Amino acid sequence: MAESQAASAPVEQQESADAGTGDAWLSKVSTINLDGDGVTGDAFSGNKLTVMNVWATWCPPCVDELPHLQEMSKTFADQDVEVIGVLQDGVSEMGVRSDKTIVSAKKLLQEAGADYRVILPDMAIMETFIAQMQYFPTTFFLDREGNVVETVIGAHDAAEWEDIINGALEKVS
């Protein structure tokens with residue numbers, strides 16, 4: 001995807017019944033976080049709602065919203081909601097890890113004060129989500145079974161995210 005496909009406002013929300021097919025992709029997830037620790041599909045199924053934000057280091061709107069996502073991570077933690085970032089440019093389309101990009105992402109996250117979980121995409125995430133994406137950032141809202149209950153395109157501030165997350169929570173309650 002070209003860098004010109006970074007999206008900011010306006011928000012575009014979509015109902016997405018076909019993007020994630022629950023256990024079909026969840027059972028295949030086997031990836032790592034930015035520190036190299038293993039992550040499986042259990043990371044997504046352990047929450048009432050998972051806010052999976054796919055971003056890239058080259059995308060200014062993606063970087064700008066990092067502190068807002070951190071705020072949402074803290075705000076909604078007691079409501080069984082987890083924010084998980086997926087660093088799209090942390091691996092190539094062939095699955096080769098980019099250590100230089102990971103170092104850059106860690107610096108950006110630190111500067112933003114963001115300490116929520118950020119993972120690298122594996123083939124299951126790339127095929128199920130990233131291959132369908134047209135813009136960065138794109139955020140997928142997943143229920144416990146890994147089904148997409150909503151998709152949001154573009155970057156948002158904390159107030160906008162709060163409204164969007166509350167709406168997604170109503171869909172999984």
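Tutor: Before we start, contact here means heavy atoms within 4.5 Å. With that cut-off, isoleucine 165 touches Leu49, Val51, Met72, Phe76, Val81 and Phe141, leaving aside residues up to four places away in sequence. Keep in mind that this is a predicted model.

Student: How confident is the predictor, and where is the pLDDT below 50?

Tutor: The protein chain averages a pLDDT of 89, and 87% of the residues score at least 70. Over residues 7–20 the pLDDT is below 50, although this stretch has 40 contacts in the model beyond near neighbours in sequence.

Student: How many helices and strands are there, and what share of the residues count as buried?

Tutor: The protein chain has seven helices and eight strands, and 52% of its 173 residues count as buried. Among contacts with a separation of 6 or more, 75% are between residues 24 or more positions apart.

Student: Back to isoleucine 165, then. Which residues of the largest nonpolar core touch the most other members?

Tutor: That core has 55 residues, and those touching the most other members are Phe44, Leu49, Trp55, Ile125, Phe141 and Ile165. The largest share of the core, six residues, comes from H7. As a general point, nonpolar side chains in soluble globular proteins tend to be buried together.

Student: Which residues of H7 are buried, and where do they lie around the axis?

Tutor: The buried ones in H7 are Ala158, Trp161, Ile164, Ile165, Ala168 and Leu169. Looking down the axis of H7, these buried residues fall within an arc of 140°, so they line one face of the helix. The face turned away from that buried side carries the exposed residues Asp163 and Glu170.

Student: Why does the spacing work out like that?

Tutor: An α-helix has 3.6 residues a turn, so residues three or four places apart point the same way.

Student: And what about the length of H7, and its start?

Tutor: Helix H7 covers residues 158–172, and at 1.5 Å a residue its 15 residues should span 21 Å, which agrees with end C-alpha atoms that are 21 Å apart. At the start of H7, a side-chain oxygen of aspartate 157 comes to within 3.2 Å of the backbone nitrogen of alanine 159.

Student: Switching to H4: what covers its buried residues?

Tutor: In H4, which runs over residues 66–75, the buried residues are Leu66, Leu69, Gln70, Met72 and Ser73. They fall within an arc of 160° seen down the axis of H4, so they line one face of the helix. Their cover includes strand E4, helix H3, strand E5, helix H5 and H7.

Student: What about H5: which of its residues are buried and which are exposed?

Tutor: Thr101, Ile102, Ala105, Leu108, Leu109 and Ala112 are buried in H5. Seen down the axis of H5, they fall within an arc of 125°, so they line one face of the helix. On the other side of H5, the exposed residues are Lys100, Val103, Lys107, Gln110 and Glu111. The buried residues of H5 pack against E4, H3, H4, E5 and strand E6, and just after H5, glycine 113 takes a positive phi of about 70°.

Student: Last one: is threonine 139 buried or exposed?

Tutor: Threonine 139, in strand E7, is buried, with a relative accessible area of 0%. Its side chain makes a polar contact with the side chain of asparagine 53, at 2.8 Å. Not counting residues up to four places away in sequence, threonine 139 touches Val51, Met52, Asn53, Glu150, Thr151, Val152 and Trp161.

Terms used: Residues are numbered from 1 along each chain as its sequence is written. This is a predicted model: local features need pLDDT of at least 70, side-chain atom pairs count only at pLDDT 80 or more; totals for chains, interfaces and linings use all residues. Side-chain values use heavy atoms; hydrogens and water are left out. Helices (H or I, at least four residues) and strands (E, at least two) are DSSP runs, numbered from the N terminus. The expected span of a helix is 1.5 Å times one less than its number of residues. Buried means under 20% relative accessible area, exposed over 50%, partly exposed in between (1.4 Å probe, protein chains only). The arc is that of the directions from the helix axis to the C-beta atoms. A polar contact is a pair of N or O atoms within 3.5 Å; within protein, one must be able to donate a hydrogen and the other to accept it, and residues adjacent in sequence count only if both atoms are side-chain atoms. A nonpolar core is a set of buried Ala, Val, Leu, Ile, Met, Phe, Trp, Tyr and Cys residues joined through side-chain atoms within 4.5 Å. pLDDT is the predictor's confidence in each residue, from 0 to 100.
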